[in-house]
Amino acid sequence: MTVQLNGSGLTIEKLVDIARNNEKVELTADAKSRINKCRDMLEKKITAHEIMYGVNTGIGEFSEVVLDDNQVQDFQKYLIYNHSAGIGDPAPIEYVRGAMASRINVHAHGQSGVRLEITQTLVEMLNKGVIPFVCQKGSVGACGDLAPMAQVALLMMGEGKAYYNGELLPGKEAMNKAGIPIPGLKARDGLATINGSNLLTAMSAILLYDAERWLKQAVIASAMSLEALKANMKPYSAKLHQARGFIGAV
């Protein structure tokens, strides 16, 4: 069953379905409307040459540097090149799928200023099984998982690498084989794709999901063991533990 993403209501269970079980995703109509409305507002501000951090200025120590019209688009490209500096083994595909779903859900709020084409490309990549190669190490969690998400954003330019049908391919080749148009990056698009802790969100959701099930299995195994051993159940009386006052024991 396709998971509808609208910025709210993405549960741990739904994220795991997308990440681990390859469930398809879809942006709701109201989410698309919000994304377009926000982008229209941003385009008007760009045309009016309003100064906006990370759109027509540099970032970090270069925040006071104002970019001209020609530099605005190139800046997004160089931003991704600068941040796609992960190292180490590849992150599990389920982590990357979860991160992509989480990022789509952020865009669905309609407050990122991103073009709808970028968000829809992420949706298509999930649905058609084009999963970017992302290194496990590189993020410090500050301002988001910038390094791993930049490796996702490379695919928006037809660069980087991605898995498709079980094969690791150059990004452009993977996108072409899946029939996904490469949207390119315009003002704000790069920053809106990377600026969030989405890989950490996905990892946390998946680990919580598994931990809850391990705990449930442990409780079931303990209960079956007590029953099989014909254990004395009096120590498990709720009244005893209520008297002691420890909520966990109760």
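**View 1. Crossing of helices H2 and H5.** The axes of H2 (residues 29-47) and H5 approach within 9 Å and cross at roughly 145°; axes are lines fitted to C-alpha atoms, for helices over the stretch in contact, with angles from 0 to 180 degrees between N-to-C directions. Lys32, Ile35 and Asn36 of H2 meet Leu116, Thr119 and Gln120 of H5, contact meaning heavy atoms within 4.5 Å. By class, two nonpolar, three polar and one charged residues take part. The model is predicted, with local features needing pLDDT of at least 70, side-chain atom pairs counting only at pLDDT 80 or more, and totals for chains, interfaces and linings using all residues. Residues are numbered from 1 along each chain as its sequence is written, and side-chain values use heavy atoms, leaving out hydrogens and water.

**View 2. Helix H5 and its end.** Gly129, which follows H5, has a positive phi near 80°.

**View 3. The buried face of helix H1.** In H1 (residues 12-21), Leu15, Val16, Ile18 and Ala19 are buried. Seen down the axis of H1, these residues fall within an arc of 165°, so they line one face of the helix. They pack against strands S1 (3-5) and S2 (25-27) and helices H4 (93-107), H5 (116-128) and H9 (198-228).

**View 4. Ile194 in the largest nonpolar core.** This core has 63 residues, and Ile194 is among those with the most contacts inside it, as are Met125 and Leu126. Beyond neighbours within four places in sequence, Ile194 is in contact with residues including Leu79, Ile80, His83 and Asp145.

Terms used. A nonpolar core is a set of buried Ala, Val, Leu, Ile, Met, Phe, Trp, Tyr and Cys residues joined through side-chain atoms within 4.5 Å. Buried means under 20% relative accessible area, exposed over 50%, partly exposed in between (1.4 Å probe, protein chains only). Helices (H or I, at least four residues) and strands (E, at least two) are DSSP runs, numbered from the N terminus. The arc is that of the directions from the helix axis to the C-beta atoms. Ala, Val, Leu, Ile, Met, Phe, Trp, Tyr, Cys and Pro count as nonpolar, Asp, Glu, Lys and Arg as charged, and the others, Gly among them, as polar.
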